[in-house]
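Please open the structure in your viewer and keep the selection tool at hand.

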Amino acid sequence: MKNIVLEYLKESMNYVSGEDMSRELGVSRTAIWKNIKKLKELGYNIESSSKKGYRLLESPDILTEGEIAPLLNTNYIGREIVYYEEIGSTNDEATLLAKKGAKEGLVVLSSFQTKGRGRLQRNWVSSKGEAIAMSILLRPEIPPFMAPGITQVVALSVAAGLHLSTDLKFSIKWPNDIILNGKKVCGILTEMDGEIDSLNYIIVGIGINVNQAEIPDEISHKATSLKVELSKHIERKIIVSNILNEFEKNYKVFKEDGIAPFIGELKKYSALIGKDVLISNPFKTFNGKVVDIDSEGYLVVEDEDGNLQSIVGGDISIRGCNSYLP
Ligand code: BTN
């Protein structure tokens, strides 16, 4: 109901009386009043005049379905959005909803996480109201070995969505960090549930530093925000909708043809090809040079003995460059 009242106010552009709204929407005037109150609590600047009715003056930069839905051109990604001003972790919430049977494409968004999680058991911290914390629920009918490809398809969609929103150039530190001017601006955490031969669901969590005017000293050598680089405020709903629109297109191709159609783009966006790196995973730690991304989407690293190694996951630091060390 709140969203219907909001749409009505947005379409009118001018004053609308509570009586007209109640008649046209087929609800009581008290229901209209209550929903206007809820919208004001969310930060909508709505003028109320006893003679003329209600007029929407300004919408806040929030990530509700009411703000994002009009910007989407998707069929199912983001067609259901759950927004929390504050939450523990959007990935945890999306997992709960997935277990309760939520449909593919559900998006959980929040302006502040109290228990945001990063890869490798790290914390993901961002300041209130300035960042994007988003999780997408997916239920692809693909074999589990294809699942890591989803992270890369999401990374490409985020890089493209961010470019559309800012006109800046982004690169991807394989497989899940988005880099801007040599520093991390976004991290992706993909989690899945399934059996050995079938997937139940995948949650893709995306954390983006957007309107933080400053990055804390301890991490400012390796992390940045769009505002720091661009010196202007960017509406978060534009970014979210651009990413979801890009992702649905890419996801369709991925489900049909796998990662192969994306390899060219992944190489083009790569922040790692040609770089000396230190690879650490549970099995080994070694130095090498990144030479390629292969047809499966694995990173190809030439080790110090000249052998080519296919890297499936783990932690990758660029040697001699501390700009976006983990
Ligand atoms: C990383 O770079 O280590 C990944 C960071 C992922 C952070 C996002 S924010 C939205 C979602 N919810 C979480 O708790 N984590 C992910």
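The stops below begin with the annotated regions and continue to the ligand, the core, a helix and several loops. Please bear in mind throughout that this is a predicted model.

**Stop 1: two annotated regions**

Select residues 18–37, which an unreviewed UniProt entry annotates as "DNA-binding region". This span is 85% helix and 0% strand, and its end C-alpha atoms lie 13 Å apart. Next, select residues 66–255, listed by UniProt (unreviewed entry) as "domain: BPL/LPL catalytic". Here the chain is 31% helix and 24% strand, and 29 Å separates the end C-alpha atoms.

**Stop 2: Met-21**

Return to helix 2 (residues 18–25), where Met-21 is found. Is Met-21 buried or exposed? Its relative accessible area is 0%, so Met-21 is buried. Display the residues around it: beyond the neighbours within four places in sequence, Met-21 is in contact with Val-5, Tyr-8, Leu-9, Val-16, Gly-26, Ile-32, Ile-36 and Tyr-54.

**Stop 3: the ligand**

Which of the 20 residues around the ligand come nearest? They are Ser-89, Gln-113, Arg-117, Arg-119 and Lys-184.

- In Ser-89, a side-chain N or O atom is 2.8 Å from an oxygen atom of the ligand.
- In Arg-117, a backbone N or O atom lies 2.7 Å from a nitrogen atom of the ligand.
- In Arg-119, a polar backbone atom is 2.7 Å from an oxygen atom of the ligand.

**Stop 4: the nonpolar core**

Select Leu-9, Leu-109 and Met-134. Of the 78 residues in the largest nonpolar core, these three touch the most other members. Helix 6 (residues 147–166) contributes the most to this core, with 10 residues. Another core, of 10 residues, lies apart from it and includes Val-82, Leu-97, Leu-106 and Ile-203. In soluble globular proteins, nonpolar side chains tend to be buried together.

Now centre the view on Met-134. Setting aside neighbours within four places in sequence, Met-134 is in contact with Thr-90, Val-107, Val-108, Leu-109, Val-204, Gly-205, Ile-206, Val-240, Ile-243 and Leu-244.

**Stop 5: helix 8**

Select residues 236–257, which form helix 8. At 1.5 Å a residue, its 22 residues should span 32 Å, and the end C-alpha atoms are 31 Å apart, which agrees. Just after this helix, Gly-258 takes a positive phi of about 75 degrees.

Within helix 8, select Arg-236. Arg-236 counts as buried because its relative accessibility is 1%. A polar atom of the Arg-236 side chain lies 3.5 Å from the backbone oxygen of Gly-129. Not counting residues up to four places away in sequence, the residues that Arg-236 touches include Asp-61, Ser-111, Glu-130 and Asn-211.

**Stop 6**

Most residues other than glycine have a negative phi, and most peptide bonds are trans.

Go to Pro-175, in the loop between strand 6 (171–173) and strand 7 (177–180). The peptide bond from Trp-174 to Pro-175 is cis, with omega near -5 degrees.

Move on to Asn-181, in the loop between strand 7 and strand 8 (183–194). Asn-181 has a positive phi, near 45 degrees, although it is a residue other than glycine. With 55% relative accessibility, Asn-181 counts as exposed.

Then select Ser-231, in the loop between helix 7 (226–230) and helix 8. Ser-231 is not a glycine, yet its phi is positive, at about 55 degrees. Its relative accessibility is 65%, so Ser-231 counts as exposed.

**Stop 7: Glu-86**

Finish at Glu-86, in the loop between strand 3 (81–84) and helix 5 (90–99). A relative accessible area of 43% makes Glu-86 partly exposed. Leaving out residues up to four places away in sequence, Glu-86 touches Ser-110, Phe-112, Thr-114 and Lys-128.

Key
Residues are numbered from 1 along each chain as its sequence is written. This is a predicted model: local features need pLDDT of at least 70, side-chain atom pairs count only at pLDDT 80 or more; totals for chains, interfaces and linings use all residues. Side-chain values use heavy atoms; hydrogens and water are left out. A nonpolar core is a set of buried Ala, Val, Leu, Ile, Met, Phe, Trp, Tyr and Cys residues joined through side-chain atoms within 4.5 Å. Buried means under 20% relative accessible area, exposed over 50%, partly exposed in between (1.4 Å probe, protein chains only). Helices (H or I, at least four residues) and strands (E, at least two) are DSSP runs, numbered from the N terminus. Contact means heavy atoms within 4.5 Å. UniProt positions are given in the numbering used here, feature names are shortened, and annotations may be inferred rather than shown by experiment. The expected span of a helix is 1.5 Å times one less than its number of residues. A residue is near a molecule or strand if one of its heavy atoms lies within 4 Å of it. A polar contact is a pair of N or O atoms within 3.5 Å; within protein, one must be able to donate a hydrogen and the other to accept it, and residues adjacent in sequence count only if both atoms are side-chain atoms.
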